[in-house]
Amino acid sequence: MDHPVSISIVRYIVVLPLIGAAINFLAGAWLQKTFGKRIISVLGCGVVALAFLLAVREFFAMLALAPDSRFMLDSLWPWIHYGGLDIDIAFWLDPLSMVMTLVVTGVGGLIHIYSTGYMHEDESYWRFFGWLNLFTFAMLVLVLGDNLWLMFVGWEGVGLCSFALIGFWYKVYPNTTAGNKAFIVNRIGDLAFVIALYSLFAALGAVGHPTLVTREVAKYAPMLAGMPGYLGMTMVTFVTLMMFAGATGKSAQIPLYVWLPDAMAGPTPVSALIHAATMVTAGVYMVARMNFMFVMAPATMTVVAVVGGLTALFAATIGIAQNDIKKVLAYSTVSQLGYMFAGLGVGAFTAGVFHLMTHAFFKACLFLGAGSVIHSMGGEQDMRKMGGLRHHMPITFATFLAATLAISGVPPFAGFMSKDEIIWQAFAHGHTVVWGMLMVGAGITVFYMFRQVYMTFFGDFRGTHEQEHHLHESPPSIAYVLVVLGLLSVFGGLVKIPDFIATFKPFETFLEPVFSSPLTRQVVESGIHSRGTEAALGFVTFTMVVLGWLVADLMYRQKTIDPERFSAAFGGVPYNWVLNKYFVDEFYDFTVVRPYLAMTRALAWFDLHVIDGVVNLVATVTVLVAWLSGLFDSYVVDGLVNAASLVTLDVGGRLRKLQTGSINGYLYGILAAVMVILLVRAMLRV
Amino acid sequence: MSGAVGLDHYLVLSLIIFTLGMFTVLTRRNAIGILMGVELILNSANINYLAFAYYGGARYDGQIFAIFVIMLAAAEAVIGLAVVLAIYQNFRTIDVGATENLSG
Amino acid sequence: MSHALTLITFIPVAAMVIILSLPPALKDGAKWISAVAAGLQLLIALWIFHHFDTTTTAAQFVDKFAWMPTYHISYFMGVDGISVSMVLLTALICFISVFASFGINRAEKAYYALLMMLDAGMMGVFVSLDFFLFYIFWEVMLLPMYFLIGVWGGPRREYAAIKFFLYTLLGSVLILLAMLGLYFYGAQNTFDMTVLAANASHYTIGFQRVVWIALFIGFAIKIPAFPFHTWLPDAHVEAPTAISVILAGVLLKMGTYGILRVNFAILPAATHELAWLFLGVIGTINIVYGAMCAMAQTDYKKLIAYSSISHMGYVMLGIASFTAAGIDGAVLQMFNHGTITAMLFILVGVIYDRAHHREIAGFGGLAQQMPIYAGMTGFAFFAGMGLPGLSAFISEVLVLIGAWQTYPLMTVFAAATAILTAGYLLWTYQRIYLGPFNEKYKGFADLSFREGFTLVPLAIIVLILGVYPHAILGLLDTSLAHLNQVVLSTPASAIALLH
Amino acid sequence: MDLGNYASLAHFGPELVLGGGILLLVILDLLMADKRRLGDIALLIAVVALLLIAMEPVTPGAWLFHRMLVFDSFAIFFRALIALAAIVAIWMSIGSEEVLGCDQGEYYAILLASTFAMFLMAESANLLMAYLALEFVSLTSYILTGFLRHNRRSLEAALKYLIYGGVASGTMIYGMSWIFGITGSLDFTVINHALTTPGALPVLAVFISLVLILAGMGYKVASVPFHMWAPDVYQGAPIPITTFLAIGSKAAGFALLTRFFFPALSSLTAAGNWQALKGVDWPELLLFICMITMTLGNLAALQQSNMKRLLAYSSIAQAGYALMGFVVLSNDGIRAMLFYLFAYYVMDAGAFLVVMIVANSTGREDIDAYRGLAWRGGIVPAVALTIFLFSLTGIPLTIGFIGKFYLFAAVIRGRFYLLAIVGVLNSVVSLYYYMRPIKTMFLDTPNGDEGAVTVDFWNYGLMGVLACATIVLGLYWAPVLAFATRSMHFFTGPV
């Protein structure tokens with residue numbers, strides 16, 4: 001680990017998509033006009049595909065290395081070497097980032113190809129691919145950055161792209177609002193994240209090793225043990241908590257998940273790529289990346305586990321009642337991310353990352369399937385208007401079903417391998433409550449997924465006639481991608497099989513070096529190791545799955561149970577809450593957004609009328625004083641005169657007309673002044 | 001010789017005259033009247049000069065000063081009257097206060 | 001070029017004279033003459049930038065001769081790490097703003113002459129190391145500003161112009177008094193800033209406090225720091241585009257520059273004592289308060305003005321942190337704020353020239369009509385939000401890293417403002433450029449070549465400094481580290497004992 | 001040394017020239033057909049006088065006419081200043097429409113007489129001489145003020161000036177009589193000796209008499225509370241005369257004030273500071289007066305809509321600034337005051353000149369007459385006036401700033417912090433009304449009813465000279481400073 005092999009090829013993996021983006025943004029419009037959309041497609045997909053190939057090449061290069069020296073550094077140029085910071089523009093390739101890179105470029109590439117079909121009608125085709133490429137670039141920077149600031153560059157960069165792509169159809173106002181919501185909510189998380197970085201940097205500085213280069217941090221983090229932090233926590237706890245808070249923003253966990261469902265406003269490929277397969281998993285990746293610090297803070301680990309579990313369950317319940325085909329998937333994504341965090345939280349880092357990967361496969365497949373459905377439904381997203389589509393679009397149906405089985409955790413599909421592992425580890429590490437939540441969540445997941453399948457593909461068509469007439473299987477560019485992803489959802493999990501079935505886990509061994517810090521090892525090893533229990537619990541989980549499927553089947557295929565009965569239960573209150581996502585959005589709106597806006601208006605008023613008011617007041621007062629002194633000169637003194645002349649009854653002086661204006665007044669002025677002077681002097685003397 | 005007239009008597013006298021002059025100046029609204037007041041003031045000063053000169057035993061500075069003062073007072077009066085007359089000649093009225101062109 | 005600084009300062013003056021002596025027939029020549037002058041200036045600035053020795057803290061390119069020996073006033077020009085970046089910025093912004101002024105079509109000769117005078121004044125402030133000279137330039141720059149706002153400005157221009165003039169004059173007279181105080185009660189009677197700084201320890205702490213605060217008010221009005229900021233929105237709203245660009249791009253920097261050059265270098269003890277309150281707290285207030293006020297604005301330009309107030313807060317917070325990171329970041333932030341805010345004001349001007357109003361609510365969906373413009377605005381907005389990879393990110397991160405080590409709580413507020421900033425900028429962007437297109441603006445031309453020419457260089461700089469900040473930071477670091485050391489190494493108590 | 005009557009004439013050249021000139025003018029007035037030429041002749045005389053002053057050697061100083069007058073560099077400074085004021089006034093008179101209507105011979109004769117009197121004021125070393133000179137100035141000023149016989153304002157102003165002046169000088173000599181009584185002499189040096197020699201000093205009496213004397217001198221420099229005549233007179237008098245009073249008579253007043261309060265009443269310490277009489281705290285009094293003067297002057301000026309009146313109040317405020325140099329009781333202060341008086345001469349003369357130019361062609365003096373001046377052909381006067389007003393405000397690149405700079409320097413050095421604050425705040429306030437004409441000239445657009453502004457060659461010339469002087473001396477003021485430094489020495493011979 002201390003002597004990383006320096007190689008100069010990682011940079012190309014990163015740069016290729018950037019080149020694609022640059023060309024698209026600078027010349028895309030012109031290219032598209034002159035050479036047609038094909039060239040854009042070739043360019044957009046080409047760069048990513050190429051990046052994928054390079055990644056694969058690196059992958060094998062890495063396998064060729066000895067397990068504990070599988071670290072590759074590619075340093076470009078010094079970035080910030082001031083104020084104690086010494087960080088470069090450099091990329092760091094290790095097994096973990098390797099996996100991520102493969103997923104990003106692989107799944108990402110597939111989605112690029114899919115988009116060529118899906119977005120074909122759009123006039124600003126070039127813009128779409130520009131952003132898609134830029135996203136890939138940002139995501140790779142996030143994954144490969146060798147220091148936390150570079151990671152943060154990617155972290156915000158993907159946020160930017162997500163913002164732009166959610167609002168891709170910006171002519172529809174709500175879309176742009178969704179984009180803003182996503183970006184701002186993410187910024188809240190980012191705030192926590194940067195605070196984590198600041199305090200981490202300060203703390204490391206305090207122990208004499210100011211650095212934010214990840215591997216350096218890993219080396220010196222143990223020195224922070226026991227250092228007091230802020231808010232009464234230890235430094236490590238504070239930092240890790242803040243990092244996790246950042247993760248909840250990016251990875252849509254409670255309490256910051258609210259942006260993700262709205263993000264479905266974007267084109268479906270975007271939802272698939274950014275809001276399911278890659279970006280939202282950035283938080284998971286980050287926690288895994290920083291595992292050596294999280295394990296130092298048991299409290300944080302518990303928080304991660306519990307929040308993960310809660311989110312998994314909570315989001316799943318919301319998923320039950322959604323009728324928008326994409327919204328269901330959105331909440332399921334939130335829920336699945338919850339599983340990953342739960343995994344990390346209990347100490348099963350590998351499992352978490354593993355689920356990240358498999359989820360990328362099947363959730364991408366699901367979204368793209370949904371996209372294909374929407375495509376042939378002419379933009380319709382409401383499942384209540386669908387039905388019986390399996391006859392019209394068999395490929396979509398097959399792949400969608402495969403992915404559904406995968407997410408449901410039906411052996412031997414990919415989802416089973418990862419999810420079951422997580423649930424078991426939760427139990428094994430003694431987090432029984434979390435385990436419970438995950439169990440129930442698993443059941444519900446199966447229910448809403450099959451509900452979706454049945455509503456969409458079974459029964460008979462409930463849409464309009466021209467829609468029915470229009471129904472068709474999607475073009476090859478879409479279909480092939482679905483097939484590939486479908487296959488991945490089926491077999492993608494075979495790289496790590498639960499112990500109670502067989503001892504085959506190359507994935508885990510591959511990631512071993514990343515989670516090799518002694519403390520991490522200890523945490524991972526801890527917990528019970530009993531194949532018996534594992535098998536038993538695996539069976540329990542499976543029964544949950546079957547149960548969930550059964551209910552869905554009865555309700556939405558055989559229609560022997562009427563869903564209304566449930567929705568009407570307890571006066572429909574629980575259903576109503578679920579349907580309205582527990583009114584969380586409304587809650588935030590009333591507690592945060594509106595008060596803030598009111599406050600800004602108040603401040604602006606204050607600025608205009610009080611602060612500036614004071615300024616103007618000073619001016620006014622000065623002028624007023626001047627005016628008064630003028631009055632004094634011309635009238636008051638004169639008035640004195642008249643008074644005096646009345647006293648002296650100088651009638652003659654009044655009759656005789658030789659008046660002298662205000663001269664007397666002036667003289668009075670002098671006299672008064674002399675008096676004042678004498679007075680002042682008297683005061684000065686005593 | 002307690003009854004004898006001394007410096008103090010002159011000073012008090014001049015002070016009284018000065019005050020009277022000041023009072024006149026301040027209360028008259030009549031240019032001529034004010035000029036008279038000024039004369040009083042000047043003369044009070046003259047008394048001082050003479051008194052100081054006489055009792056101070058200095059050279060004739062005081063007396064000379066007094067003579068100059070008298071002379072200049074005359075000159076001033078002349079110019080004052082000239083101005084007043086000019087006003088009268090040009091405008092057939094000598095009401096300055098009524099149309100107060102210059103004020104504030 | 002042995003007199004580079006004199007040249008760079010007085011080339012505009014020469015241009016001014018030429019312009020004024022132009023026959024009316026050739027009045028279109030005015031713009032080109034000023035363009036050439038600004039161009040030359042920029043070249044010299046680049047030459048200085050290239051030949052600047054980053055290893056020393058001493059003044060470089062020195063130009064010095066006695067001016068009024070009896071009062072130890074000398075003509076003393078020189079740049080060090082603190083000022084060299086500002087010289088570059090000034091030359092750049094002036095060059096840009098000359099081209100941004102080409103739309104002016106009334107009394108061009110007067111306009112460009114005044115513009116050149118303003119240019120010279122600003123440049124002079126940054127290059128003069130004699131306090132008297134500094135003050136002369138500091139005030140000279142007010143006059144053209146008054147006329148440029150007052151004659152070529154918007155409807156309430158008279159109010160804005162006189163307000164700006166009075167407010168800033170109030171500040172500068174305080175500086176004058178402080179300057180005289182430093183002159184008479186120092187180790188020796190001199191206006192030479194380097195000497196004054198060398199004998200800093202000579203002033204009693206009480207004296208330092210008073211002078212420090214007087215100077216601070218003087219400079220704070222320029223920054224502008226809360227609560228002295230209210231002249232800025234008015235001035236910006238009324239000023240013509242190019243003048244807003246200069247105002248935001250360069251003028252505001254003078255305040256913070258002055259604080260570094262005078263308060264820090266010459267009154268370290270008082271700085272050490274008072275900075276946390278006057279720079280730290282007020283800076284934080286600037287950041288948060290400016291952002292919140294911006295959120296509520298309905299006038300596009302006023303919104304940008306408030307955002308610029310907010311961003312200047314980072315500079316204050318950074319220099320108050322007394323850490324290498326913070327102070328480096330602060331000066332870098334000065335530079336970045338210059339480029340980014342200049343872009344923003346040019347962009348506002350673009351739409352104002354076409355629509356003749358700036359009511360945010362009145363726009364909508366402009367992205368469809370003017371895609372390039374919308375794209376450029378998006379770029380500038382995200383730069384303003386401190387998006388990583390763009391220049392402002394580096395400076396804000398450095399500032400906050402530094403500030404966190406000194407004032408964690410303030411830093412949390414400052415960092416949290418990133419959210420508010422995103423809030424108002426995105427909301428504005430959405431309301432003006434996105435959503436359904438407002439047919440009223442059909443037929444608006446997209447960015448003209450001239451407008452593009454003013455924007456693109458800035459954009460490129462923003463981009464480059466985002467990934468290679470060393471270009472500027474390299475200039476600053478040595479001098480600033482030294483300055484910071486000076487302040488930290490003079491604890492107020494020691495001074496107090498000294499006298 | 002104490003020169004007798006004949007010996008004195010050697011140092012009396014300028015005065016003699018003026019005296020002869022006056023007679024010459026009176027005679028020529030009878031002989032010459034074209035009275036226009038008289039102006040030129042008067043100008044010539046004034047110039048000659050100035051040259052003679054310039055040629056005067058810098059001696060340690062001497063008494064003239066048996067200690068009636070004193071001849072020293074201080075006197076040279078003020079005589080030079082006054083001569084310059086006279087030259088400007090005459091020059092303006094030649095180009096002034098209002099003056100052309102009057103009797104040229106008398107006018108210029110009296111103008112020169114007034115100049116002569118002011119010379120004496122600057123030189124007088126004796127209370128009697130001081131009084132005579134002051135009255136002489138007053139009498140001539142009354143006449144000049146009321147010179148426009150057909151203009152009610154002019155006459156009314158004259159009357160006010162006269163009555164007011166009468167009272168003031170009366171009060172003054174009453175105070176002088178007390179000083180005479182206490183010290184037994186009218187000679188400044190003797191007075192100084194008598195007052196500073198240890199022994200029982202009737203403090204209150206001295207103070208009261210100083211207050212009374214201040215009435216007379218303060219009225220010449222138009223300092224609050226003896227300022228109220230100024231606005232009316234400045235507004236009523238013909239503009240050249242206003243200028244002459246504003247710069248010449250003010251300068252003379254300062255000369256007398258300084259000579260009386262410093263050499264006669266105080267003693268110079270080694271450190272270059274002046275030590276006032278023990279117990280007689282006129283410095284506090286003047287400090288107070290100084291602050292009030294600048295503040296009231298500025299505040300009142302804020303209100304004015306007539307340029308002459310605005311400049312009148314501004315000149316009151318300017319007197320206040322100059323007094324700042326007076327009250328700090330140091331040679332620095334005196335130098336600063338001298339410098340400032342010179343600066344004030346340049347810029348105020350310029351401002352009044354522009355006012356006259358506008359009045360000549362439009363016949364108006366109110367600010368509205370300047371509306372859009374820059375955009376209706378009057379760009380040059382507009383710019384010139386801007387320069388002068390900025391200078392009066394004290395903005396750099398102008399001599400006005402340098403003047404203020406030295407004043408504040410003296411104040412800060414003397415640790416009069418309150419005074420410093422009041423001073424700077426005043427200059428901020430003053431900016432507001434100095435900017436009003438500028439705003440009107442540049443920011444407002446003409447209505448069209450203001451009429452065109454034309455400038456004849458001679459006025460152009462003078463305006464150019466003054467404007468350039470304002471700028472150039474603002475950049476290189478060493479000569480002026482040297483002159484002021486040279487001039488801050490008073491001759492106080494043996495008792």
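In the loop between α8 (235–250) and α9 (259–262) of chain A lies A252(A), a residue of a model that is predicted. Although A252(A) is not a glycine, its phi is positive, at about 55°. H72(C) is placed in the loop between β1 (60–68) and β2 (73–79) of chain C, and with 17 C-beta neighbours inside 10 Å it counts as partly exposed.

Cis peptide bonds are described next for chains A and C. In chain A, the bond that joins P411(A) and P412(A) is cis, with an omega of about -5°, and P412(A) has its place in the loop between α17 (394–408) and α18 (414–428) of that chain. In chain C, the peptide bond leading from F226(C) to P227(C) is cis, and its omega is near 0°; P227(C) is found in the loop that runs between α9 (205–222) and α10 (231–238) of chain C.

The contact of chain C with chain A draws on 48 residues from chain C and 40 residues from chain A. On the side of chain C that touches chain A, the elements giving two or more residues are α12 (268–295), α14 (324–355), α15 (366–369), α17 (391–406), α18 (408–433) and α20 (470–488) of chain C. Of these, α18(C) gives the most, with twelve residues. When the residues on this side of chain C are sorted by class, 32 are nonpolar, 14 are polar and two are charged.

Chain B, with its 104 residues, has 42% of them counted as buried. The secondary structure of chain B comprises three helices and zero strands, so that, by the definition of these elements, the order from the N terminus on reads α-α-α. Among the contacts in chain B between residues at least 6 apart in sequence, 38% join residues that are at least 24 apart.

How values were computed: Residues are numbered from 1 along each chain as its sequence is written. Chains are lettered from A and ligands numbered from 1 in the order in which they are written. This is a predicted model: local features need pLDDT of at least 70, side-chain atom pairs count only at pLDDT 80 or more; totals for chains, interfaces and linings use all residues. Two residues are in contact if their C-beta atoms, placed from the backbone, lie within 7 Å. Helices (H or I, at least four residues) and strands (E, at least two) are DSSP runs, numbered from the N terminus. Ala, Val, Leu, Ile, Met, Phe, Trp, Tyr, Cys and Pro count as nonpolar, Asp, Glu, Lys and Arg as charged, and the others, Gly among them, as polar. A residue is buried if 20 or more other C-beta atoms lie within 10 Å of its own, exposed if 12 or fewer, and partly exposed in between; C-beta atoms are placed from the backbone.
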